[in-house]
Amino acid sequence: MNIIKKGEWAELLIPPKWNTYTIESLLQKNWQVPKKLRHELRMRKGIKLNGDIVPWDSKLISGQKLQVHMFPKEDYGLNPTFLDVDILYEDNHILIANKIAGMDTHPNTPDEVNTLANGVAFHLLTEGIETKPRHIHRLDHNTTGAVIFAKHALASSMMSRLLEKRKIQRTYLALVHGKLKYSKGTINKPIGRDRHHQTRRHISKSGQSARTNYETLFYNPKDNTSLVKLELDTGRTHQIRVHMSYMGNPLLGDTLYGGEENKRQVLHAAKISMVHPLTEEYIECIAPFNDDPPLFNYDLTRLYY
């Protein structure tokens with residue numbers, strides 16, 4: 001779907017498949033815009049048909065032009081900081097950045113300035129875009145790879161819904177100790193907080209459901225390690241680290257969960273695949289390794305197949 005940005009407004013041609021919708025039902029049922037955001041759009045007269053403000057029970061007709069106040073200027077919500085962030089994908093609605101090791105995804109206190117979100121804010125600043133960078137998910141401090149940010153509130157709500165409904169496929173690569181008992185499978189074990197450790201998680205019957213799909217790419221008998229591809233059906237804190245430790249194959253460098261000392265825990269968010277919630281285009285984004293030198297060798301183009 002072609003959405004044209006005109007200043008703070010987005011304009012799109014209504015397709016035939018929307019003929020059964022009113023403005024209200026499009027926002028509520030199709031785009032599933034949260035009630036608070038719908039209220040804000042209504043209060044600032046943020047929806048127009050063919051340039052006119054009309055009642056929200058107006059029926060949509062294919063060929064009409066729908067205008068949405070999608071890109072209002074807003075405070076960044078943090079301090080934009082030059083960090084030379086590697087931008088993997090960007091359009092008017094979302095941005096995917098490649099996080100390095102030793103960096104948090106977002107600030108935990110107002111005075112933090114060296115997180116990925118600070119760097120993304122600076123990138124937006126240099127493009128003249130005044131908006132809050134909204135992270136849709138996060139990576140651990142020492143995990144590298146692709147992180148999705150939304151560039152406006154509507155995109156944020158739609159992307160968060162896709163994540164919740166498991167319609168964003170996230171593929172990771174990890175180097176783990178030992179040889180996995182089965183070369184391919186699914187770990188379906190709930191994860192909860194460890195009451196004996198502030199940051200640690202563990203397998204717990206009372207925890208949140210967690211599913212990780214895994215496949216061994218190759219095993220190195222010389223150092224008894226395996227390169228594993230992992231895809232998440234859920235996004236629990238430390239999910240891959242907990243599940244691989246449970247399997248008896250903790251990540252190299254992940255001393256919190258039984259791994260041996262290493263430069264860092266060897267986990268990389270290598271690929272994101274999804275259908276864009278607004279443009280409806282299929283997006284497949286590969287994040288190059290950003291350790292220098294790389295912690296392991298693997299041809300990432302193989303992830304396209």
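This dialogue considers how to read several features of a predicted protein model.

Student: How should I read the confidence of a predicted model, and what is the mean pLDDT of the protein chain?

Tutor: Where pLDDT is low, the predicted coordinates should not be read in detail. Here the mean pLDDT of the protein chain is 93, and 100% of its residues reach 70 or more. Among the elements, helix 1 (residues 23-30) has the lowest mean, 93, while strand 6 (residues 94-99) has the highest, 98.

Student: How many helices and strands does the protein chain have?

Tutor: The protein chain contains 5 helices and 16 strands.

Student: What does the radius of gyration tell me about the protein chain?

Tutor: The value is set against that of a compact globule, which for 305 residues would be near 19 Å; the protein chain has 22 Å, which agrees. The C-alpha trace spans about 70 × 40 × 40 Å along its principal axes.

Student: What share of the residues of the protein chain counts as buried?

Tutor: Of the 305 residues, 48% count as buried. The chain exposes about 15500 Å², of which carbon and sulfur atoms supply 48%.

Student: Which residues of helix 5 are buried?

Tutor: An α-helix has 3.6 residues a turn, so residues three or four places apart point the same way. Helix 5 (residues 239-246) is mostly covered, with 6 of its 8 residues buried. These are Q239, I240, R241, V242, H243 and M244.

Conventions
Residues are numbered from 1 along each chain as its sequence is written. This is a predicted model: local features need pLDDT of at least 70, side-chain atom pairs count only at pLDDT 80 or more; totals for chains, interfaces and linings use all residues. Side-chain values use heavy atoms; hydrogens and water are left out. pLDDT is the predictor's confidence in each residue, from 0 to 100. Helices (H or I, at least four residues) and strands (E, at least two) are DSSP runs, numbered from the N terminus. The radius of gyration is taken over C-alpha atoms; the globule rule is 2.2 Å times the number of residues to the power 0.38. Buried means under 20% relative accessible area, exposed over 50%, partly exposed in between (1.4 Å probe, protein chains only). Accessible areas come from the Shrake-Rupley method with a 1.4 Å probe; for residues, only the protein chains shown count as cover.
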